[in-house]
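User: I'm new to this one and would like to learn how to read it. Could you walk me through a few features?

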Amino acid sequence: MPDGVLLVDKPAGKTSHDIVAQVRREYGRGVKVGHAGTLDPFATGLLLVLVGKATKAQRHLMELPKRYEVVARLGAVSTTGDPEGQITETGRLPADPPPLPTGRVRQRPPAHSAVKIAGERAYKRARRGEQLQMPEREVTVYRFRQLWREPEPGPSRLARAGFEVECAAGTYVRSLIADLQDAYCLELRRTAIGPFEARRAVAPPPREGAWQAPPLIDLARALSMLDAKQPH
């Protein structure tokens with residue numbers, strides 16, 4: 001029975017559950033499969049899929065720091081913080097560069113998130129039209145920098161900017177971008193989780209396609225990679 005970590009490059013449009021189900025079909029019934037940190041459907045990048053005994057290390061792997069690359073749309077806001085929500089153009093642009101907080105940061109998770117409110121996922125309540133006051137919490141942001149910014153756009157489209165974020169588990173990048181004011185995540189890609197990098201990940205096969213010998217990292221080797229990673 002296989003035991004290890006599979007690095008998957010999740011495409012946009014698929015849920016993390018979709019990827020897990022695809023891997024489960026590959027290995028067959030009786031093999032436990034999970035993941036170490038969800039990605040929103042619109043997001044792309046690294047998803048750690050845990051197979052067999054690696055599922056027992058789920059909590060430890062979920063606590064690893066994450067790195068993201070973001071394309072933000074400026075001069076507009078979204079009800080969900082991403083392209084899937086209701087978009088309102090404000091005509092206002094954040095400063096260039098905007099203040100980018102690091103260290104211990106107070107933030108409110110998006111209403112459309114998996115955070116539980118009174119025992120139920122917030123996104124389920126938000127989809128029913130409930131107005132939620134999300135509880136504020138403290139997260140850690142190690143790095144937050146603007147990589148590029150487009151010049152003033154023409155009248156037919158809004159400006160964009162690129163950011164890199166490195167943060168502790170539990171941080172919502174959508175909230176970091178929304179807190180810049182007049183901005184939301186247009187694209188979000190997770191490029192690393194701890195020592196694991198998206199450039200070493202594999203894309204899932206086409207719908208209903210077979211996954212030919214997915215490159216599973218042996219559990220012992222995966223855990224040794226964690227020991228070798230220097231803490232922040």
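Analyst: We'll go through one serine, the cysteines and the nonpolar cores. This is a predicted model, where local features need pLDDT of at least 70, side-chain atom pairs count only at pLDDT 80 or more, and totals for chains, interfaces and linings use all residues. Residues are numbered from 1 along each chain as its sequence is written, and side-chain values use heavy atoms, leaving out hydrogens and water.

User: Is Ser 78 buried or exposed?

Analyst: Buried means under 20% relative accessible area, exposed over 50%, and partly exposed in between (1.4 Å probe, protein chains only). Ser 78 has 16%, so it is buried.

User: What does the side chain of Ser 78 reach?

Analyst: A polar contact is a pair of N or O atoms within 3.5 Å; within protein, one must be able to donate a hydrogen and the other to accept it, and residues adjacent in sequence count only if both atoms are side-chain atoms. Here, the Ser 78 side chain reaches the backbone oxygen of Asp 82 at 2.6 Å.

User: How many disulfides are there?

Analyst: Look for cysteine sulfur atoms paired within 2.5 Å. The whole structure has zero disulfides. Cys 167 is buried at 1% relative accessibility, and Cys 185 is buried at 0%.

User: Which residues have the most contacts inside the largest nonpolar core?

Analyst: Such a core is a set of buried Ala, Val, Leu, Ile, Met, Phe, Trp, Tyr and Cys residues joined through side-chain atoms within 4.5 Å. The largest has 23 residues, and Val 70, Phe 144, Phe 163, Val 173 and Ile 177 have the most contacts inside it. Apart from it lies another core of 18 residues, including Leu 50 and Ala 201.
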